[in-house]
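Dear colleague,

Here is the structure I promised to pass on to you. Please keep it open while you read the notes below it.

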Amino acid sequence: MARVDVLMPQMGESIAEGTLSKWLKKLGDEVKRDEPLFEISTDKVDAEIPAPNAGVLVEIQVQEGQTVPVQTLVAVIETEKGAVATAAPSAAAQRAPATSGAAVATAPPAPKPAPAPAATSPVPPKGDGGVETADERLRRKSTPLVRKIAAEHQVDISTIPGTGFAGRVTKQDIVGFLERGAPPPVAAPGGTAPRAPLPATGPVVHPAVEAWPGDRVEPFSKIRKITADHMILSRRTSAHVTSFFEVDYSRVADLRRKHKAAYAERGVNLTYLAFIAKACAENLRKHPVVNAAVSGDTIIYRRDVNIGIAVALDWGLIVPVVKRADELSLGGLARAINDLGERARTKKLSPDEIQRGTFTITNPGVFGSYAGAPIINQPQVAILGVGAIEKRPKVVTLPDGTDTIAIRTMGMVSMSYDHRVVDGADADRFLADVKQAIQDFPEGAV
């Protein structure tokens, strides 16, 4: 018999740890190669990890809910002798891709790799000698430049409110913190600097609330915690304003009826969302301030048009990104949206597929919502909300100039935008163009 070590995979270059959220097999179960073995949750994505080899699950080293560094031994599979490749895996192979399993041990088994060290500032994580939590470790991860600046000024990174993904501290965050007059460090016993005082706009803290008898209490999942913190940080960061436009989808409804079957034969579901995404993609290029980001006192006008599509999951919310959406046809956009949505629901997304978005669309209308005011997905400056699309009475003007009431397929779109850089006129001009593109959608583009 041969033993195969199953390791915590590295789901992206910036990922240093993962939470084993659920075991899909029990101790003693037989597993097939590439069969889902367990689920992990990182600060970027949830994913199912397949078994690297067929065999029997004989050891479980990491329990559900535990957070461990990448390359930590998670489990052991016992397989038939000779069924495991004897060649040592390359460094590239040891970094598990999004849809692959964990790395496989050599025969004889290679020694367990040392856990990947988390990037830290020079200041100890807990001045009182306590144990640092996973969330605090996450906040302390940063770029080498940020760590260098922190070391030069003896600043504890974890005390700085971060505006990067999941609260990470960016260069702009630490420079701004220092420019605001960070208090000088005071030498502590042993020559180390204590933690700097927490700024008034510090990390997100969710107030404790008393549970009453009979209540059910559940801890935040990793994805729920990240979403909660990200939404609060977004509200703190951006000056949110929302505009609303009513759109007549009657022409799109006719086009869908005519072409939906042909798309279905090609395995593509032609949804209203595809038409909306196409209209947005074409007009983001015309309105670059809506496809931008704020960096300190500067505006970054993004070259690429990367549209994030919010997907509601049973366990939270995730936003996979259609890269260079303006270069895709309607059919290409529809296929990409279908594919990303399905793989989000089956936990098959890679970290890269939920990053580098420049504009986001969320579609609560599928649940019946008339309209809403969504929160901006940082560091973007705008997010479009799609309301329910349904038949409603509408006043229309006939060719002879008289008015009448007709049944039309109508829906609301709303856009929340960052008023620091996007003025109301900018937002409304963009929305007016998106509305016009939808209402006059050319049949030749279907």
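This is a predicted model: local features need pLDDT of at least 70, side-chain atom pairs count only at pLDDT 80 or more; totals for chains, interfaces and linings use all residues.

Residues are numbered from 1 along each chain as its sequence is written, and side-chain values use heavy atoms, with hydrogens and water left out.

The protein chain has nine helices and 19 strands, where helices (H or I, at least four residues) and strands (E, at least two) are DSSP runs numbered from the N terminus. Of its 446 residues, 47% count as buried, a word that stands for under 20% relative accessible area, with exposed meaning over 50% and partly exposed in between (1.4 Å probe, protein chains only). If we take the contacts (heavy atoms within 4.5 Å) between residues at least 6 apart in sequence, 64% of them join residues at least 24 apart.

The largest nonpolar core has 60 residues, of which F359, I361, L384 and M415 touch the most other members; such a core is a set of buried Ala, Val, Leu, Ile, Met, Phe, Trp, Tyr and Cys residues joined through side-chain atoms within 4.5 Å. Helix α7 (residues 272–284) supplies the largest share of this core, with ten residues. Another core, of 19 residues, lies apart from it and includes V4, M11, V31 and L57.

There are four aromatic pairs in the structure, which means rings of Phe, Tyr and Trp (its six-membered ring) with centres within 6.5 Å, called stacked if the planes are under 30 degrees apart, edge-to-face if over 60 and tilted for the rest. One of them joins Y249 and Y272 edge-to-face, at 5.8 Å centre to centre and with 80 degrees between the planes. This pair links distant parts of the chain, since Y249 is in the loop between β9 (240–248) and α6 (250–265) and Y272 is in helix α7, 23 residues apart. Y249 counts as buried because its relative accessibility is 1%.

The rings of F359 and F430 have centres 5.7 Å apart and planes at 70 degrees, and therefore they also form an edge-to-face pair. Here F359 belongs to strand β16 (residues 359–362) and F430 to helix α9 (residues 424–439), 71 residues apart, and both F359 and F430 are buried.

With best wishes
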